[in-house]
Amino acid sequence: MHLELDQDGHLINYTDWNETIAQELANGLDIQLSDWHFKVLNGVRAFHQQFGYSPATRPLIKFLIKTVDSDITNIQLQQAFNTGLVARQLSRIAGVPKPANCL
């Protein structure tokens, strides 16, 4: 599968995203996406759609607590997505642009 990605590994066109593409993007982090992962990723996409930008970690976690799982934590997301760069990697796998505050 050929994905059109920008220089940071994010989809050029976020409307191309689907679960197959998400899994392809997650393979680089050695993650097999589960239903729970997709709930989180859809939460990231909902944030982007509602606010018009990709979230930084703290606002993302607050949003996910309200919309996906009231027990979600940064550590849980780091472990589930094999990364310390929660907002950046979740945005990448969710097919939305890189958060503005990420290097």
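Arg 88 forms a salt bridge with Asp 8, their closest N and O atoms lying 3.5 Å apart, where a salt bridge is a side-chain nitrogen of Lys or Arg within 4 Å of a carboxyl oxygen of Asp or Glu. The pair links distant parts of the chain, with Arg 88 in helix α5 (residues 86-93) and Asp 8 in the segment before α1 (19-27), 80 residues apart. The structure holds one salt bridge. Asp 8 counts as partly exposed because its relative accessibility is 23%, the class between buried, under 20% relative accessible area, and exposed, over 50% (1.4 Å probe, protein chains only).

This is a predicted model, in which local features need pLDDT of at least 70 and side-chain atom pairs count only at pLDDT 80 or more, while totals for chains, interfaces and linings use all residues. Residues are numbered from 1 along each chain as its sequence is written, and side-chain values use heavy atoms, with hydrogens and water left out.

The secondary structure comes to five helices and zero strands, taken as DSSP runs numbered from the N terminus (helices H or I, at least four residues; strands E, at least two). Of the 103 residues, 42% count as buried.

The axes of helix α2 (residues 35-51) and helix α3 (residues 57-67) come within 10 Å and cross at roughly 110°, the axes being lines fitted to C-alpha atoms over the stretch in contact and the angles running from 0 to 180 degrees between N-to-C directions. That makes α2 roughly perpendicular to α3, a class that covers 65 to 115 degrees.

How values were computed:
Parallel < 35°, antiparallel > 145°, perpendicular 65-115°, else oblique.
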